[in-house]
Amino acid sequence: MSEAAIFLFMIATFALLAMVLKLPIGVSLVFSALAGSLLGGEGAALHHLVEGSFGYFDTILIIVTAMIFMKVLQESGILDTVTALLLKSFYRRKVALLLTVMALVMFPGMITGSSTTAVLSTGALVAPVLMKMGLSRVKTGALIAMGAILGMIAPPVNILVMIMGGGVDMPYVGFTFPLLIIVIPLAVSTSLWLGYKNIKIIEYNQMKEVLPESFFKNYGFRLYLPLIIVIGLLLGQSLMPGIIPDIGIPAIFLLGSFLGIFCGKPLNILKTTQKAIEESMPILCILVGVGMFIQIMTLTGARGWIVTSFLSFPPLLLYLGIATSMPLFGAVSAFGSASILGVPFILAMIDKNAILTSSALSAVAGLGDLMPPTALAGIFAAQVVGEANYFRVLRFCLMPALFELVIGMAVLLFAPLLDKLI
Amino acid sequence: MFIVYHLIVFYLASHFIWYLFRENEFWKRVSVALVLIMFFLRLFLIK
Amino acid sequence: MKCLKDRLISGLLLLLSLALCFFSTQKFREQHKKETLFPSEGLASREMLSSYFPGLIDTPGDTEVYIYGGQNPGGNILILGGAHPNEPAGYVTAVILIENIQVSQGKIIVIPRANNSGFTHSEPQEGNLRGYSLETPGGKRFFRFGSRLTNPIHQWPDPTLYINPSGQKLSGQESRNLNRCYPGKPKGHLTEKIAFAIMEIIKKEKIDLAIDLHEAAPEYPVVNAIVFHENSAELASYSLMELQQIGFEFRLELSPNNLRGLSHREWGDHAQVMAILLETANPSQGRLKGKSSLSLIIEGKDRNYSKAAKFGLLFVPFDSEGIPVKLRVARHLAAIKILLSSFNELNPEKRIEVNHMPSSSQVKLKGIGQFLCPPYRK
Ligand SMILES: [Zn+2]
């Protein structure tokens with residue numbers, strides 16, 4: 001059985017289960033991985049399936065704990081209070097408001113390198129602000145999704161680059177400037193493109209009516225404590241390594257959640273955890289399925305076949321291949337895309353400055369978080385703004401995403417030129 | 001840190017089991033069961 | 001009221017989850033079983049790494065250290081295999097040395113499973129086989145194919161950002177990569193402790209030349225290479241010429257000054273030894289590799305790599321014949337042999353004399369198994 005046939009069979013099984021039988025995406029991925037394993041002559045390679053899913057074990061912990069933290073912020077009234085504070089501070093000037101919002105959304109992504117974290121933490125905080133100021137639900141979602149992806153690419157922490165660097169033994173040093181060249185124009189243009197026309201400055205009195213309830217009068221400053229601790233620890237572990245302990249993102253979120261119990265409205269942490277698990281379960285199962293899917297693709301040789309096929313393209317097709325395959329593969333996982341395709345692509349362009357190449361590739365791979373069915377950034381952004389159909393959010397991401405693709409590809413093409421400038 | 005993370009895995013695994021018994025939709029419960037495999041294996045320090 | 005049937009289904013699913021967990025357990029557990037090695041008559045003593053650094057006692061990082069010679073003073077050599085357990089030629093070369101050599105002057109110390117924990121698991125999403133068997137005259141011997149990184153059940157969680165003992169920032173998972181953790185930390189995490197213990201061996205045994213055996217994917221630029229610390233520049237260039245004369249092409253790479261935490265950098269910087277790292281080309285750890293199979297690991301054949309070579313994407317020649325593991329082991333053996341003889345030329349006052357070291361041409365001709373002990377010997 002050829003690798004191509006196995007791959008197509010796995011994709012077909014997945015499509016059949018997910019689209020025709022309407023099984024959850026994660027479960028469909030698991031079964032299509034199993035089918036691929038059987039067809040590839042590996043039998044029901046249970047330990048391979050399980051092993052594959054472990055590739056995302058740490059990611060799963062981050063997602064669940066981030067979701068718990070987010071639910072705690074909501075139920076303790078902290079989210080409402082912060083929203084109120086933001087509204088009061090920034091509602092006067094459009095551009096300042098939009099850029100601040102963009103920076104806020106990007107911030108957790110910059111620190112954690114994960115777009116999901118960005119969407120779920122500050123993304124969720126600014127969403128009500130934007131919607132109150134007249135930005136539509138879907139455009140708000142798009143702004144948050146794009147901000148999260150830009151945050152993921154922006155320095156100081158870009159996990160995509162780290163993954164690619166790990167594959168070619170390139171230390172994670174000297175990336176701040178190249179990454180900023182890519183991210184800053186995108187951040188400014190995206191926030192203005194999506195928001196400038198629709199955001200309306202409203203009267204303070206008018207706004208007061210729609211302001212969420214601030215619990216500051218009841219609980220005082222300690223309301224902000226969980227947020228400050230979480231942001232401080234996230235920031236500290238990368239900006240002041242060695243001084244602030246690196247307890248890992250899941251532990252930071254849980255610590256914040258624990259503090260949240262005592263800092264605002266009383267809540268039952270067990271029930272809050274249940275809600276968080278209920279909400280994050282689909283994505284958790286998708287990650288389990290994707291892990292199994294990749295493992296079987298590698299085991300049966302389908303992964304190698306795909307990578308080799310892309311690499312054997314002539315230069316023009318190679319760039320076309322990067323521009324299409326990396327975001328497309330992001331449908332499976334942006335991190336997977338960086339690791340499986342990014343590394344060979346860097347190697348295929350070995351004559352260029354690898355720092356620039358990998359920075360640009362990370363921008364392209366980051367778009368994978370917008371690619372259905374996983375579309376991590378899109379799905380969570382839709383959830384945060386309360387939009388049931390995440391495709392409507394993705395539609396507004398299209399232009400900014402294309403712009404990001406163009407910038408990423410331009411940096412790749414003009415790497416030798418930029419190399420001299422830096 | 002190792003112990004802290006072990007406790008986190010334990011806490012989440014117990015919640016997954018609780019959720020498994022709370023949920024009524026079949027495929028959602030299958031999802032939970034699939035995710036649980038990993039949590040058990042890490043909890044028992046096997047993988 | 002929640003009906004009984006629903007409870008039953010949930011219960012069954014929980015049982016199913018536990019059952020799947022149970023059935024996969026055996027395979028994962030098997031990988032913890034160490035393969036027996038059969039040291040040659042020349043073995044002077046077998047120590048544990050923890051005897052050089054007690055911080056490793058009773059940890060999964062503790063590993064065997066095989067010492068040869070030492071009766072007649074001369075040069076002291078350290079040879080490290082299995083720093084990356086997914087690089088079979090490095091491990092097997094160390095095993096071949098252990099099972100064959102005798103040292104009449106100087107001392108050779110071999111650590112075959114430098115990252116012992118890495119042998120106990122496979123990397124997720126790499127779809128690797130658990131191991132491979134090599135045919136010896138008396139039957140098959142099984143060797144595990146592990147992971148580049150320490151097992152997460154031994155060292156977890158990874159930091160968000162790993163700042164290694166030399167201050168280099170790396171991605172978090174590199175904290176489990178032994179060859180990024182040098183010179184190690186006595187109170188660090190497991191991998192840093194292993195790195196520290198290896199530094200202790202180098203210092204306490206007064207090592208003169210330390211060789212780290214590796215492999216790399218064929219698409220990786222540093223392959224078929226001798227990476228050398230500036231301390232050993234003369235040795236490396238001298239050896240290169242000799243190797244070329246007997247038909248082995250090697251790339252000579254100076255250890256970059258800004259790439260910290262690697263053996264060839266920190267061994268030289270912190271213990272002033274001559275540090276050398278050897279790389280051969282291993283298709284079974286590459287990103288282009290096809291179906292995982294014994295033939296991929298042992299015969300080193302892969303259609304994708306032959307195709308990639310045609311497009312000029314690789315840093316080694318690769319045709320339909322592949323690069324079998326016996327050829328890679330032969331390369332390592334040839335390089336070690338010539339490094340030792342060059343060492344003798346350059347340091348006549350610290351001679352090292354090794355006997356019964358299988359020659360590269362014999363290994364190439366007869367295969368690896370001929371130089372391994374049969375599985376039943378005591
Ligand atoms: Zn290696």
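This is a predicted model: local features need pLDDT of at least 70, side-chain atom pairs count only at pLDDT 80 or more; totals for chains, interfaces and linings use all residues.
User: How many residue pairs are in polar contact between chain C and chain A?

Analyst: The count is 11 residue pairs, with both partners at pLDDT 80 or more.

User: Which elements of chain C give two or more residues to the side that touches chain A?

Analyst: Four elements do: α1 (4-30), β8 (161-163), β9 (169-171) and α7 (303-310) of chain C. Among them, α1(C) has the largest share, with five residues.

User: How do I read the size of an interface?

Analyst: The usual figure is the accessible area lost when the parts come together. Chain C and chain A bury about 3900 Å² between them. Of that area, 59% is on carbon and sulfur atoms. On the chain C side, Q125(C), T160(C) and R287(C) lose the most area to chain A. Together, these three account for 20% of what that side buries.

User: How many residues are in contact on each side of this pairing of chain C and chain A?

Analyst: Chain C has 44 residues in contact with 51 residues of chain A.

User: Q125(C) has come up. Which backbone feature marks Q125(C)?

Analyst: Its phi is positive, about 70°, although Q125(C) is not a glycine. Q125(C) sits in the loop between β5 (107-111) and β6 (131-136) of chain C. Q125(C) is also one of the three residues of chain C that lose the most area to chain A.

User: Now charge pairs. How should I read a salt bridge?

Analyst: Side chains of opposite charge can pair when their charged atoms come close. The cut-off here is 4 Å, nitrogen to carboxyl oxygen. The rule finds four salt bridges across the interface of chain C and chain A. One case is R130(C) with E51(A), at 3.0 Å from N to O.

User: Which residue of chain B forms a salt bridge with E51(A)?

Analyst: That residue is K47(B). The closest N and O atoms are 3.3 Å apart.

User: How many salt bridges and polar contacts join chain A and chain B?

Analyst: There are two salt bridges between chain A and chain B. Eight residue pairs are in polar contact, both at pLDDT 80 or more. On the chain A side, α2 (25-39), α3 (46-53), α4 (57-75), α14 (249-263) and α15 (269-300) each supply at least two residues. α15(A) gives the most, with 10 residues. By class, that side of chain A has 24 nonpolar, four polar and two charged residues.

User: How much area do chain A and chain B bury between them?

Analyst: About 2600 Å², with 81% of it on carbon and sulfur atoms. In chain A, the residues losing the most area to chain B are F54(A), F57(A) and Q274(A). They make up 24% of what that side buries. By contact, 30 residues of chain A meet 23 residues of chain B.

User: Which residues make the nonpolar surface patch on chain A?

Analyst: V95(A), L99(A), L180(A), I184(A), V188(A) and Y196(A) make a patch of about 450 Å². α6 (94-112) and α10 (176-195) of chain A each supply at least two of its residues. The largest share, three residues, comes from α10(A). Y196(A) lies in the loop between α10 and α11 (204-210) of chain A.

User: Last, the peptide bonds. Is the bond from W156(C) to P157(C) cis or trans?

Analyst: The bond is cis, with omega near -5°. P157(C) is in the loop between β7 (139-144) and β8 of chain C. The bond from Y182(C) to P183(C) is cis too, with omega near 0°. P183(C) belongs to the loop between β9 and α3 (190-204) of chain C.

Technical notes: Residues are numbered from 1 along each chain as its sequence is written. Chains are lettered from A and ligands numbered from 1 in the order in which they are written. Side-chain values use heavy atoms; hydrogens and water are left out. Contact means heavy atoms within 4.5 Å. Buried area is the accessible area (1.4 Å probe) that two parts lose on being put together, summed over both. A salt bridge is a side-chain nitrogen of Lys or Arg within 4 Å of a carboxyl oxygen of Asp or Glu. A polar contact is a pair of N or O atoms within 3.5 Å; within protein, one must be able to donate a hydrogen and the other to accept it, and residues adjacent in sequence count only if both atoms are side-chain atoms. Patches are made of residues with over 30% relative accessible area and no salt bridge: like charges are joined within 9 Å, nonpolar side chains (Val, Leu, Ile, Met, Phe, Trp, Tyr) within 5 Å. Accessible areas come from the Shrake-Rupley method with a 1.4 Å probe; for residues, only the protein chains shown count as cover. Ala, Val, Leu, Ile, Met, Phe, Trp, Tyr, Cys and Pro count as nonpolar, Asp, Glu, Lys and Arg as charged, and the others, Gly among them, as polar.
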